Amino acid sequence: MQPIISVRGLSKTYATGFQALKSIDLDIRRGEIFALLGPNGAGKTTLINIVCGIVNPSGGSVQVDGHDILRDFRGARSAIGLVPQELFTDAFESVWATVSFSRGLFGKPRDDAYVEKVLRELSLWDKRGDKIMTLSGGMKRRVMIAKALAHEPAVLFLDEPTAGVDVELRRDMWAMVRRLRESGVTIILTTHYIEEAEEMADRIGVIHKGALIVVEDKVTLMRKLGKKQLTLQLQQPLAAIPDALRAHPLELSTDGLELVYTFDTQTEQTGIAALLRRLTEHGIDFKSLQSSESSLEEIFVNLLRSRA
């Protein structure tokens, strides 16, 4: 299937000489949720702003739904809804007026039923007559999303959409994102809440110092780069790991009551059975064991650490 967004050799160097993006190649699949992760200043927002036509690239090309962002800006931009980090709204306009106006900006005919549907889905219907300036920060964030959806875009960019919002709104927002994806909208999001990306995304991209260092299906990424650990609660504390067990990837807790065994998720043989036999041979008894595996956050941190 043809990607809905295709980025080739995209670069951006500012007048100061700072290179914000370095030859980015990226395809976004139609109908997926793609999470773009990276530390502050990595280039996430610059990449989004170029795709959305806000910032001019220094080199490379971008196509959105078959439209080149430079040669056919209007066609490309009409396919995109953008929710930026900052809250920009017309403070003296009502919720209804500002969302309806956003639809008209893209040349869409008036459709009160559609605007009502968007406002209801975002729990804004009861606020439709309120002026933006009277709304809470969370409600203003909802209005930004409603404006981005007003012209029925095929692609929705969410740049840190849950920054500074409460837990309830965050939960409502992700429920809405799932519904949008089910309706065929492609979602690209940046977030500092990596657990959100782990829960929501189909694929993960990590950008660091302007370079895209990994793009992978979430499950595959966690399988490839993740690690599993087995924690054994010992019956009696150990002063040190016996020499005969040092070939195993074991760590002993400071109190000597926990042994942590790390094993490769890619191999069929985990080595756990052999380890347990060796423990029994050396008279090391345990009262319980618990397995765990890396979170996406741990993988992300390790990726950045390896590139430092």
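Analyst: Let's start with a term: a residue is buried under 20% relative accessible area, exposed over 50% and partly exposed in between, using a 1.4 Å probe and protein chains only. The model is predicted, with local features needing pLDDT of at least 70 and side-chain atom pairs pLDDT 80 or more, while totals for chains, interfaces and linings use all residues. Numbering runs from 1 along each chain as its sequence is written, and side-chain values use heavy atoms, leaving out hydrogens and water.

User: Thanks! Which residues of helix 9 are buried?

Analyst: Ile272, Leu275 and Leu279 are the buried ones in helix 9, residues 272-281. Helices here are DSSP runs of H or I with at least four residues, strands are runs of E with at least two, and both are numbered from the N terminus.

User: How do you know that the buried residues of helix 9 line one face?

Analyst: Looking down the axis of helix 9, they fall within an arc of 60°, so they share one face. That arc is taken from the directions from the helix axis to the C-beta atoms. As background, an α-helix has 3.6 residues a turn, so residues three or four places apart point the same way.

User: Why is Thr190 called buried?

Analyst: Thr190, in strand 8 (residues 186-190), has a relative accessible area of 0%, which meets the buried cut-off.

User: What makes the link between Thr190 and Asp159 a polar contact?

Analyst: Their side chains are joined at 2.6 Å. A polar contact is a pair of N or O atoms within 3.5 Å; within protein, one must be able to donate a hydrogen and the other to accept it, and residues adjacent in sequence count only if both atoms are side-chain atoms. The pair therefore qualifies. Leaving aside residues up to four places away in sequence, Thr190 also touches others, including Leu36, Lys44 and Ile48.

User: Why is helix 1 described as largely enclosed?

Analyst: Seven of its eight residues (44-51) are buried, so the rest of the structure largely encloses helix 1. Among the buried ones are Lys44, Thr46 and Asn49. Just past helix 1, Gly53 has a positive phi of about 80°.

User: How does the lining of the largest cavity divide by class?

Analyst: It has 11 nonpolar, no polar and no charged residues. Ala, Val, Leu, Ile, Met, Phe, Trp, Tyr, Cys and Pro count as nonpolar, Asp, Glu, Lys and Arg as charged, and the others, Gly among them, as polar.

Methods
Contact = heavy atoms within 4.5 Å.
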